[in-house]
Amino acid sequence: MTRWLTPVILAIVVSVGVRTHAAPPTPTDADIKARVDALLAKMTLDDKIGQLNQAGAIAFGPNAPKIEDVVRKGGAGSVLWLNDTKRFNALQKIALEESPSKIPLLFGLDVIHGYQTIFPVPLAMAASWDPTLAERAQTIAARETRAAGLQWTFGPMVDIARDARWGRIVEGAGEDPYLGSAMAAAQVRGFQGQALGDAQDRVVASVKHFVGYGAADGGRDYDPVYLSEAQLRNVYLPPFHAAANAGAGTFMSAYMDLNNVPATGNAFILRDVLKGEWGFKGFVVSDAMAVGNLVIQGFARDGRDAAHRALHAGVDMDMASGTFPQNLPALVKDGTVAIAEIDDAVRRILTVKVRIGLFEHPYTDESLLAKVVASPEHKSEARSAAQRSMVLLRNEGKALPLSKDVKRVAVVGPLGDSQDATDGSWMVFGHVSNAVTVLQGIKAKLPNATVDFAPGPEIRREIPSFFDNLIPGPKKPPQTAEQGEDAFKQAIATAKTADTVIMVLGENANMAGEAASRASLDLPGRQQELLEAVVALGKPVVLVLLNGRPLAISWAAEHVPAILEAWEPGSEGGNAVADILFGDVNPGGKLPVTFPRRTGQAPLYYARTLTHSPEGSMMYNPRYWDGPVSPLYPFGFGLSYTTFAIDNLKVSTPQVKVGGSLAITADVANTGSLQGDEVVQLYIHQKAGSDSRPMRELKGFERVTLKPGEKKTVTFQLGPDELGYWSTSHKGWVQDAEAFDVWVGSDSTAKLSAGFTVVR
Ligand code: BGC
């Protein structure tokens, strides 16, 4: 808003009698620094070390101190694993009135895709190819989170993941650094606003897990990662860099070994890259227990060594391991750790606290959350987000959309009425689901039809997770083989009586996420058998997938006419599925990850380098003798109920100088008879260079909505950011003067191509 407009609007607001008070002027960096300096000057060493500790409100073990006592002694700068506004206020009161330094606590929790209003999981949000949608969703998540009394979320998770076996693929934006960067920056803006602390209904973001976690060996969670510097810089770091540039207040260091140095003790990534090259001014929190784990990992000798090396590497706050408070006092006293190093970490933490107004607003109105959550906008955004993230994978013979005149529908499969799978992974502690399941969504859509439901045999992890055991309450015993068989028969009987069968298959929420990697990407349990038996009935069958990772669904891709990838779609998921199945909404999402044909193809991603003769050439082929290397569904793929034509590809200049830019344009037209969305995607390939370059790389995209017959010209800019890369040969950033191919189309196999050359 311009300077002169603000007073005019204020005058109008006052003159019509609305009570208002001018916002206090935004503090400058110098104001904030002065306040932090003043605080620091009054703090003892213990006060300072207290700020570097994030204490868990869940007590692990009988001897764990009570969180109230830790706070009272000034032993915590932040608290996590608590979701209770009353207790936040009570703990804050202890911090402000009883702790020695009287510095307010920062309350942090994982709010990954919604607090009470649940949005699709991040992988699904990336499938919308709509960063503005991700920004709005996280704005709403932030509003609810802050209203609950939390000021800090441990998100966005921006790890690139190219191995579908890795469970945490669900938490990120998939395999691509360009799409991943757009989603990372958008989520930071959504959580924090344009600048940290510019509003009281925002939260501080923590960009995680720095860095490389997604490349775990074998897709096994927590396992080591080996990445060349070129892979790190060209693929894994860009989304983090984008998040830092968007102003992220905090970063979280990852658990695993990166090239044999644990990320939480890794000075190269934390000090050199993040705080050095990128000039990151926020603070770094370790992942939970990660500082203490440096000992278990066989890196640090003992807790003392772990505290020293983590702090030295650039970790400012120890999440829950207690290693900092236990060891830093002695390390400072004997001169091993310089007080300047402690001060730098404390300063970073206090700066965030001051900047977000925590000293002015330490408490939360306990009646606020209910009002905020009740906003109809939240619900409608969740529904629209779910609609926009779903991907139509197959639609033979225009099987979809279904007619609303259908008389009898059977919803079949273990996830048909599962709130758990609809919400998806990472619910906040104590979340009470109000998710609309697919069954409920379909019933609401078809008030005059008979909608039957049969879950079939249950699906369940073979090995439960540590997190499953944290969920209070009695555990449901596993179904016996007999019960499973009965459920199977019941499902077939239900399907037999229906005009149309909607199979809802995939994974339970706990089958993807942390500690949820898999050795197989097949449909778990007896779902494949059930699908084949239902298809054999010869009825119209639609498959709706609820899952948090790519699944190997080769059989379905050949035998089930209609497949909708609905992911874990959140609170309004069932309504959104029904909106799409019955034609009220035309799907337009695209895959942010490659879908393999078989598990053994993992890791699989489109932006590979060639390294040898192309697949399909005579020599040295094939790559596998027992199946194609090509994916089942390529990155960027997704169908619509309408059709699009993309043509008239133009390159603004055949030659561009190193450092210069060129424009690529193409026309996209809706050639069908329904309004719909197309995501126009631009890929490049550098034909030769200092290093070999990927066969294709995404460097632009735009989701457009077109009416039947409507046409639009889409323009992309390619400049040094898109055309340069980090070169192993040069050990640095380069832009080669070389020839490029460029493709524009509707997925990563786009055929429409042109070329240009970069010259000196
Ligand atoms: C996860 C993080 C999470 C932290 C706090 C860890 O186990 O790796 O992603 O933010 O716990 O809950």
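Predicted model: local features only at pLDDT ≥ 70, side-chain atom pairs only at ≥ 80, totals over all residues.
**Ligand site**

- The ligand is surrounded by 14 residues, and the closest of these are Asp110, Arg168, Lys208, His209 and Asp287.
- Arginine 168 has a side-chain N or O atom at 2.7 Å from an oxygen atom of the ligand, while a polar side-chain atom of lysine 208 lies 2.8 Å from a ligand oxygen atom.
- Glutamate 514 also takes part, with a polar side-chain atom placed 2.9 Å from an oxygen atom of the ligand.
- On its own the ligand has 310 Å² of accessible area, of which the protein covers 96%.

- Leucine 400 is found in the loop between strand 11 (391-395) and strand 12 (408-412), and it counts as buried because its relative accessibility is 2%.
- Beyond its neighbours within four places in sequence, leucine 400 is in contact with Leu392, Asn395, Val542, Ala562, Leu581 and Tyr641.
- Phenylalanine 635 is 235 residues from leucine 400 along the chain, and the C-alpha atoms of the two are separated by 22 Å.
- Histidine 431 belongs to the loop between helix 18 (419-423) and helix 19 (438-445), and with a relative accessibility of 17%, which is under the 20% limit, histidine 431 counts as buried.
- When residues up to four places away in sequence are not counted, histidine 431 touches Tyr115, Gln116, Ile118 and Asp423.
- Threonine 145 has its place in helix 7 (residues 131-147), where its relative accessibility of 1% makes it count as buried.
- A polar atom of the threonine 145 side chain lies 2.5 Å from the backbone oxygen of alanine 141, and the contacts of threonine 145, leaving aside neighbours within four places in sequence, are with Val111, Tyr115, Leu150 and Val203.

**Backbone geometry**

- Most peptide bonds are trans, and most residues other than glycine have a negative phi.
- The peptide bond from lysine 208 to histidine 209 is cis, with omega near -5°; histidine 209 is found in strand 5 (residues 206-210), and both lysine 208 and histidine 209 are listed among the closest residues to the ligand.
- A cis peptide bond, with omega near -5°, also leads from alanine 602 to proline 603, and proline 603 is placed in the loop between helix 24 (573-581) and strand 17 (644-651).
- Tryptophan 81, although not a glycine, has a positive phi of about 65°; tryptophan 81 is found in the loop between strand 2 (78-80) and helix 5 (85-97), and at 15% relative accessibility it counts as buried.
- Asparagine 260, likewise not a glycine, has a positive phi of about 75°, and its place is in the loop between strand 7 (257-258) and strand 8 (261-262).

Note on methods:
Residues numbered from 1 in each chain as written. Heavy atoms only, no water. Near = heavy atom within 4 Å. Polar contact = N/O pair within 3.5 Å; in protein donor to acceptor, adjacent residues only side chain to side chain. Areas by Shrake-Rupley, 256 points an atom, 1.4 Å probe, with all protein chains shown as cover. Helix = DSSP H or I, 4+ residues; strand = E, 2+ residues; numbered from the N terminus. Buried < 20%, exposed > 50% of the residue type's maximum accessible area, 1.4 Å probe, protein only. Contact = heavy atoms within 4.5 Å.
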